[in-house]
Amino acid sequence: MTVKQVLITGACGEIGQALVQELAKRGGYEIVTSDLSPLPDSIKGLVSEHVQGDLVYKVKVFYDYDFDVIFHLAASLSSKAEIATEEAHRINVEGTMQLLMLAAYRSEKYGKPVKFLFPSSIAAYGMPTLEAKQGAGAVIEEDWDYPHTMYGCNKLYCEKLGMYYSRYHGQKHLDDTPPTFMDFRAVRFPGLISAFTLPSGGTSDYGPEMLHAAAQGKEYACFVRPDTKISFMAMPDAIKSLIMIMDAPRESLTTDVYNLAAFAITADEFRQRALQAFPDAKITFEPNLRRQGIVDSWPEDVDDTRARQDWNWKPDYDVDRFFDEYFLPEIRKRYGK
Ligand code: AKB
């Protein structure tokens, strides 16, 4: 079996840790990682090399590697990015740009398209008003692409940069013999929930934070209103989607950026589910205006028909299966409740 060399940036984050574990389980990959932090014990033994530091400055190290696939997960998430906007732009845009340049260079030089997997987000959308959000239903990829946050702007722009580098870079597609371009593929993730790790710096974090707090018997003040609705997805489905889109034959892809959906529920429905499982949970609502504004700008749901049609995407976990077969059994084991 030929071993594929894979780079995972942001490997210490929630998606990164779960992805490293899944690729190691699958086998056939030499996994190189990068992150600002040292690798956690959960994945240390699964990685052949870890490059610690700021990607913008470290990327030159990677020009000597022969990556088949790059998962570029490193990002400053929406709430954090709104506080440190310049830093977020540097991490989210410059970091991505540096890595796209590397993938484009290697693809062209060696005539082998490097696959570049990019997790975009529902933050790429921007609903102008609550009425528009409530009336829009499940939105498609091209609609409402007017993000209200630095993070959302960064994600939307990087989707465009990815398309540029994979098709038009240097306008060489116009030459008689166009070069080998990199192979860019992006998914727009909803809020993700893991039973093993907690997110930090995001605005969809109220979902996982509430559930983890309830399971530990800790009080939780939710920072958005009870009626706040966006879509969420179980972490195993997020990992499954990244593997599926990586494996999909290029010719089956009709677009560069795919919506992904699993279940759309309100913050109050989260609370009800948490109370059913942990009747002593103490969950209150103390909306934070700024974070509320961010979530109000994200659609209630997204339409993932294209992913379903092009690469047979289907989440394993709807809301019932998410609670009953993934989150609650795992979290009970974890916290012993
Ligand atoms: C965030 O809240 O910033 C992320 C996202 C929805 O992309 N989880």
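On a 1 Å grid over the protein atoms alone, a cavity is a set of points where a 1.4 Å probe fits but cannot get out, while a pocket is an open set with protein on both sides within 12 Å along at least five of seven lines; lining residues have an atom within 4 Å of a point. Volumes are the space filled by probe spheres set on the points, with points joined across faces, edges and corners. The model is a predicted one, so to speak of local features takes a pLDDT of at least 70 and side-chain atom pairs count only at pLDDT 80 or more, whereas totals for chains, interfaces and linings use all residues. Numbering runs from 1 along each chain as its sequence is written, and side-chain values use heavy atoms, leaving out hydrogens and water.

The whole structure turns up 1 cavity of 30 Å³ or more, and the largest cavity comes to about 50 Å³. Its lining includes His72, Asn92, Phe118, Tyr151 and Lys155. Helix H5 (85-110) and helix H7 (150-167) each give two or more residues to that lining, with H7 giving the most, 4 residues (helices are DSSP runs of H or I, at least four residues, and strands are runs of E, at least two, numbered from the N terminus).

As for open space, the largest pocket holds about 1100 Å³. Among its 49 lining residues, Leu73, Ala74, Ala75, Ser76 and Leu77 are the closest to the centre. The lining splits into 21 nonpolar, 20 polar and 8 charged residues (Ala, Val, Leu, Ile, Met, Phe, Trp, Tyr, Cys and Pro count as nonpolar, Asp, Glu, Lys and Arg as charged, and the others, Gly among them, as polar).

This largest pocket is also the space taken by the ligand (a molecule sits in a pocket if more than half of its atoms lie within 2 Å of its grid points). Around the ligand are residues including Leu77, Tyr151, Gly202 and Trp298, each with a heavy atom within 4 Å of it. Polar contacts are pairs of N or O atoms within 3.5 Å. A polar side-chain atom of Ser121 sits 2.6 Å from a ligand oxygen, and a backbone N or O atom of Thr203 is 2.6 Å from an oxygen atom of the ligand. On the nitrogen side, a ligand nitrogen lies 2.8 Å from a side-chain N or O atom of Ser204.

Terms used
Polar contact = N/O pair within 3.5 Å; in protein donor to acceptor, adjacent residues only side chain to side chain.
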